[in-house]
Amino acid sequence: MFKAFLVKYAEIGIKGKNRYLFEDALIRQMEYVLKPVEGTFHVTKEQGRIYVLTEGDFDYEEALEALKRVFGIAYICPVVIKEDQGYEQLEKDVVAYVDHVYPDKNKSFKMHVRRAKKTYPGTSMELNADLGGAILDAFPEMKVDVHNPQLLITVEIREKIYIYSESIPGPGGMPIGTNGKAMLLLSGGIDSPVAGYMIAKRGVKIDAVYFHAPPYTSERAKQKVVDLAKLVARYSGPINLYVVNFTDIQLYIYDQCPHDELTIIMRRYMMKIAERIGKEQGCLGLITGESIGQVASQTVQSLAATNEVCTMPVFRPVIGFDKQEIVDISLKINTYETSIQPYEDCCTIFVAKHPVTKPNIQMIKKSEKKLEEKIDEMMDQAVNTAERIYIEA
Amino acid sequence: MEAYLDNSATTRCYEEVKDIVVKTMMDDYGNPSAMHQKGVESERYVKEAAGQIAATLKVQEKEIYFTSGGTESNNWALIGTALANRRQGNHIIISSIEHPAVSAPAEFLESQGFEVTRLGVNAQGQISPEELKEAIRPETILVSIMFVNNEIGAVEPIAEIGELIKQVNPKTYFHVDAIQAYGKFRILPKKMHIDMLSASGHKIHGPKGTGFLYISEKMKIVPIIYGGGQQKGMRSGTDNVPGIAGLGLASKMVYDHLEENDKHMRGLRTYFVRELAKMDQVVVHGPQGEEAAPQIVSAAFVGVRSEVLLHTLEERGIYVSAGSACSTHKRSGSPTLTAIGLPKNQMEATVRFSFCETTTREELDYTLQVLNEVIPMLRRYARH
């Protein structure tokens, strides 16, 4: 029945002269997510609105699900398209539409006719009244309410006639690629995929870095991160995932530094490496899934200590969230099941029984002095040997 | 060099088995239930396999039922027996070191109102016949004990248990999970008073997804899979002819060379255990010598987490399995290692090496050399 989708966007509308950039990015991402969907789709921009027109048969549910993952979309309206065969036929079409879409007729409505084709007889006001009357005649249970209608039935008269009334919420946010690129530190946990999703939602393209520590972490742990990146890519578009072999650095820190500072020092080096790869790839910020106080390495003091090594801004979108709030989002974006697979990640393998929770930056720096001999070379090695995996949903 | 020492997880298929699997997929691919010639030809493979297996156990061909593997055989033995005999009683006895393919159906039966007794084991992983004797009651319908424990290779005194059960309560049935024992031991159900016996194909160089349940003709048991009535209505589903033919041939081949294979693996085992004992802080679990299964060595390398050791060995082409599955969030010890009372530091450091007839002394020497090289390094980097 539905042959098209009208896509409404929210924030793009206020972007002034850059608006076309945002619209084009939105269209690109819509085309990208619709590519694997069964059917032929044309995404077009006309008169400040974006339509997805279809050709022949298509999978309605799948197309709708795909569009619901495109950031920048506020609402998706499934549209019925009819040929213009005169007013009488229009009346029948509108009545048939209401009958089909709303089996329960006990509803208030308002008609909203847009007469884009100015040669069409009558004024919008007259058409509103006439079509509303036709609906009332056909379904006496329905009521008109122009102030607070349950249904807003829109009829757009163009070369063809577009009828729609449903508005399905999209994810909001801004189109991918309209806000630069950032590097996500992706572990295998619940928080980092959610953090990546949230920043991507603001239009930021993301790359990701994962720290692999064989033989302490397994191939399956790496596969899990690849799987998570794939799930995030359903929203963010393709991701370049950099897999950094971190074992040597970890063991070196273990040998040289106090064990209760291991995690903090390790995380400082992770940030440095992520920043270096990020800079090479044109990223303008880092993204982490840190949340205040969740673990010893995420106390405010610890966050300050890891933050101190970065020159780029670090985005921590879940910083103020409770665990359950993060879990709720991970369930919504479908990463939860994968995140809870029990493979050890490199943050926990050497974790001390009582890691410092209030690290003193001067002390940490003093400990890091003991790494001076080899650490630069090891960092170069880690960055240069990072494996790049191109990930598409 | 590569050393595959995970043969208790699965084995490489025999070439001859592969050939017969291909032949029954590509040439003689009929449905054995079909009335035409193609069906008849195909049915011959099924009969042949049943005969081959029956010969290894000295039982009747009609007492062999083909299944999808060890797990199905065990499920059927427990659930099928329980359902068929619930009027005789509702009590079942298993050991505390059974494979989940036995312990999980037992738990299911518990949830359905049956009562399950779990016998403890000694430090060697063996149950006490005395304790079993005490546990058998007039309403005990089934005792299920494994022949060889899959984790530490402990061998249970099956013949003794069988005799004892029949002395105390002749009506109690005896099921043996022989998945790690079939092909390694001479098993004679009639002599050992075994009423049902489970085995799996891929542990004996046969195809995965194959297995059988020997069911004594005296058993009272109902099917758990219903449908087209194949296998005398006891196990419906089109016969997996390639799998069955492969399983039959693998059974024959493994039993044709049982004594020499046993000698070969026992030799390797004795050597390997002796060399491990020379290493610092290595503990070999389970019984030794004749009381041990020939193919399994379970050892703790204290101070090294098993998962880390496993991946380290893997990097050098050596494949083993970890004694206990562990994870970031949850450290769940294995039921067997817990039951034999291993301390935590051994539990999390336990690795299983398992051999087959083609395992060589060179592979073991290579493994020992690698172990001696990596263990001190791994011990240095421990969780504190």
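Q: What makes strand S1 and strand S4 of chain A a pair?
A: Two strands pair if DSSP finds at least two bridges between them. Strand S1 (residues 4–9) and strand S4 (residues 73–83) of chain A share six bridges and run antiparallel, so they meet that condition. One place to look is A:Val7, which stands opposite A:Ile76 in S4(A). Before we go on, please note that this is a predicted model: local features need pLDDT of at least 70, side-chain atom pairs count only at pLDDT 80 or more, and totals for chains, interfaces and linings use all residues. Residues are numbered from 1 along each chain as its sequence is written, while chains are lettered from A and ligands numbered from 1 in the order in which they are written.

Q: Which strand of chain A does S4(A) join through four bridges?
A: That partner is strand S8 (residues 160–164) of chain A, and the two run antiparallel. In this pairing A:Ile81 has A:Tyr162 of S8(A) as its bridge partner. S4(A) also pairs with strand S9 (residues 168–169) of chain A, again in the antiparallel sense, over two bridges.

Q: Why does A:Tyr210 count as buried?
A: A residue is buried if 20 or more other C-beta atoms lie within 10 Å of its own, exposed if 12 or fewer, and partly exposed in between, with C-beta atoms placed from the backbone. A:Tyr210 has 29 C-beta neighbours inside 10 Å, and therefore it counts as buried. This residue sits in strand S11 (residues 205–212) of chain A.

Q: What is A:Tyr210 in contact with, leaving aside its neighbours within four places in sequence?
A: Contact is called when two C-beta atoms, placed from the backbone, lie within 7 Å. A:Leu186, A:Val225, A:Leu241 and A:Val243 are in contact with A:Tyr210.

Q: What makes A:Arg267 a buried residue?
A: The count for A:Arg267 is 22 other C-beta atoms within 10 Å, so it is buried. A:Arg267 belongs to helix H8 (residues 262–280) of chain A. Setting aside neighbours within four places in sequence, A:Arg267 is in contact with A:Ser297 and A:Thr306.

Q: For which residues does UniProt list "binding site"?
A: An unreviewed UniProt entry lists A:Leu185, A:Leu186, A:Tyr210, A:Phe211, A:Arg267, A:Gly289 and A:Gln298. UniProt positions follow the numbering used here, feature names are shortened, and annotations may be inferred rather than shown by experiment.

Q: What are the edges of the open sheet in chain B, and why?
A: Seven strands of chain B form this open sheet in the order S2-S8-S7-S6-S5-S3-S4, with mixed pairing. Strand S2 (64–67) and strand S4 (115–119) stand at the edges because each has a single partner strand, leaving one side of each without a neighbour in the sheet.

Q: Which strand runs parallel to strand S6 of chain B?
A: Strand S7 (residues 196–200) of chain B runs parallel to strand S6 (residues 173–177), and three bridges join them. In this pairing B:His175 has B:Met196 as its bridge partner.

Q: Why is strand S8 of chain B described as largely enclosed?
A: Five of the five residues of strand S8 (residues 211–215) of chain B are buried, so the rest of the structure largely encloses it. Both faces are covered, with B:Gly211, B:Leu213 and B:Ile215 buried on one side and B:Phe212 and B:Tyr214 buried on the other. S8(B) has antiparallel pairings with S2(B) over four bridges and with S7(B) over five bridges. B:Ile64 stands opposite B:Tyr214, and B:Ser198 stands opposite B:Leu213.

Q: What domains does the domain assignment give for chain B?
A: Domain bounds come from an automatic or database domain assignment. For chain B this gives domain 1 (3–10 + 258–381) and domain 2 (15–253). Their C-alpha centres lie 28 Å apart, and 23 residues of domain 1 are in contact with 23 residues of domain 2.
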